[in-house]
Amino acid sequence: MTLVMVVDDDQDLAEMLGIVLTGAGIDVDLVSRGDEVMDVFHNNPPDLVLLDVMLPGLDGIEVCKLIRAESMVPIVMLSAKGDTQDVVKGLEAGADDYMVKPFRHPSELIARIRTRLRRTNADVSGLLTIGDLAIDVQAHQVARGGKQIALTRLEFDLLVALAKEPGRVFTRDALLSEVWGYRHSTDTRLVNVHVQRLRSKIEHDAEHPEIVVTVRGVGYKAGVMGGS
Amino acid sequence: MGAAGSALNSQLSAGIKEVNLNTALIEARSTIFTAEYRFLLAQGEKDSVVQKVVDDVISSATTLSANENAREVVFKRSPGNTRENNYEIASNLLDPTSIPATLSERVRKTPDLVYQYTNMNYLTGTRVQGLAIGQKVQIPNAGQYEMYIIFSLANQGKTLDLISRSFFLTGFLLLFLVGLITWLVVRQVVKPVREAAAIATEFTAGDFGKRLKVESQDEISTLGLAFNEMAESIEKQIARLENLSRVQQRFVSDVSHELRTPLTTLRMASEVIHSSKDGFDPIVERSAELLVAQLDRFERLLEDLLEVSRFDAEVAVLEAVDFDIVLLVQRCADDLGLVAKERKTQIYVNSTEPVIMIKADIRRVERILRNLLSNAIDHAEEMQIDVHIVASEHDVAVGVRDYGVGLDENALTRVFDRFWRADPSRARTRGGTGLGLSIALEDARLHNGELEAWGRPGRGAHFVVTLPRNTWERIDQRLIPLQPEDYKA
């Protein structure tokens, strides 16, 4: 069974989320305070965290940073604010995805959760290389010169998506559908923030990226490093 | 002042001339009287004695005390005097022609004193202004002569020069003083007034922190203090109003946010109910459907309210990206295709170019387009909807034309007002929020663009949005005429 930790201070909403998720065959751990998250997290590590931004005790952004500091578990933020600053803050704190309340349909939430839990790229086998990075898709590992680089699941998926079709230019919309499972979204902030985070981990110089290259006015592609 | 000065000057010099004339006349009278008396006494004497008397008369008349003007004496024989002895003489080398002929004529006609201004020409070449006074005299053994005394007016000229020079000097001094006083007045009065005007201008421009400097203790400072008090009061009022509207906007925004959490729960609950509605009683089933539909509507209203509160608080932010507006229009038209079909209308999109790239906030542009299209569908009355896209180098325009109910004059002025409905009696079948067009207008303006409406009752409506292709610029021209080309009045 998959376990999702739901962190929300609104009892009714938390209960409703529980009902919907349980109905979809997902186990749920309910937490109502920000400062209680880490204890529950340690005792019963979830497969995914559904995290509200405004929480008593410790706010969602801080909780997100704490989780990220020790785990690569997928985090989906729940926010009552659609304002860019809040969304970007959550993504920068390490969230993989976010959903703005109220969600269109509960099914949308479940689809989003499943996308994050799904073993993406299961079809891709063996080793991929991008620049001077070696990617073991099955083992979910990225290494440079034998040295492991820790990536979140989402960052890994993003890197693999680019690496498996070297030279193809991905529009932001294409990446949104490929990596996030959005069918029809124009929210390019998600892509921009995650590309930045990914670059900060894998590029030699994030200011002059060579692995994830921007194609102006279009999107991104896997870079071909000179000599490698 | 110059005129007054010169009038005074000429009056004064006239006075001086008159005094000089009178003095000269008195002197001349007494001299001539003395001469006549002495000639009378010399009656019957020898010629040598008479000659001596003449010499004496001349010397006593021309001997000057200090500060006295020069005087000369001239004896002329009267015409018709044919006596042998000749005493014609002019003192001190004065040219006898200095006596004007006109004066001589008058002397001959009257026994009285006669005078005339003239120039005194000396044989040495000197020439001064003078006053000639003459009278007939009888010289013993020599008959009738004309005796003239000529007073030099050289000193008088000097005096007049001095006076007019002092006048000029005084004039200049006065002018300077007037200038100085004017300057002081300007400094004391005009400068603070000008400052007040400048500060009032800044006030109008929105800088409410400006105050006048009050340094002195006069009427001007009273004005300054009153002005500052007014400024203070205005600033307070504005701050109060700003705070009030901030609080209100904050409240709207908070309410919208606070409503989201229960709304999320409601939505999920209604979806759970709705998804299992098939087993329900038809009444419950229909109720579940209505619940879901109304929650949708409630949510749209909430979104719109939140957006409006962002515009009001001026915190709406543009997130510009490059995209193809033709594709976006096509996508919106496709998305609304089903709704259009339900209302028995169809949307036709045509563009002058297959691809028009613009840099703008795609979310907002999409919202403008959806609002215009939804509005057109609502009012199309089963007639088609035409969408035109026209681009220039600099701008892009999208026109949405329907041929339905249209808008009258009054409706046109209010169509962008919040919660305004064209016809209150019309059923709100589509469940729009009533905020769509007003948000669309704000979205267009945020892009430095414009959204305009045209309509005639029964002849449909035409909404045209014009945007700069690069959002930071301003639109140059309207690419689509607001009055549709197909419309004939």
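A residue is buried if 20 or more other C-beta atoms lie within 10 Å of its own. I apply this definition below to a predicted model.

**Entry 1: helix α9 of chain B.** I looked up α9(B), residues 362-379, and found that 13 of its 18 residues are buried, so by the definition above the helix is mostly covered. I then checked its length. At 1.5 Å a residue, the helix should span 26 Å, and its end C-alpha atoms are 26 Å apart, so the two values agree. After α9(B) comes Glu381(B), which has a positive phi near 55°.

Entry 2: I followed β7(A), residues 133-136, to β8(A), residues 141-144; the two run antiparallel and are joined by 4 bridges. Across this pair, Ala134(A) faces Ala143(A). Their hairpin has 4 residues between the strands, and His140(A) takes a positive phi near 60°. I next found β8(A) paired with β9(A), residues 147-149, through 3 bridges, again in the antiparallel sense. Here Arg144(A) stands opposite Lys147(A). This second hairpin has 2 residues between its strands, and Gly145(A) in the turn shows a positive phi of about 55°.

**Entry 3: the nonpolar cores.** I looked up the largest nonpolar core, which has 66 residues; Val7(A), Leu50(A), Leu159(A) and Leu162(A) touch the most other members. Helix α6(A), residues 153-163, gives the most to this core, with 8 residues. Domain 1 (2-117) and domain 2 (127-222) of chain A each supply at least three residues to this core. Apart from this core, I noted another of 47 residues, among them Ile347(B), Ile377(B), Ile389(B) and Val398(B).

Note on methods:
Residues numbered from 1 in each chain as written. Chains lettered and ligands numbered in written order. Predicted model: local features only at pLDDT ≥ 70, side-chain atom pairs only at ≥ 80, totals over all residues. Pairing = 2+ DSSP bridges. Expected span 1.5 Å × (residues − 1). Buried ≥ 20, exposed ≤ 12 C-beta atoms within 10 Å, placed from the backbone. Core = buried A, V, L, I, M, F, W, Y, C linked by C-beta atoms within 7 Å. Domains from an automatic or database assignment.
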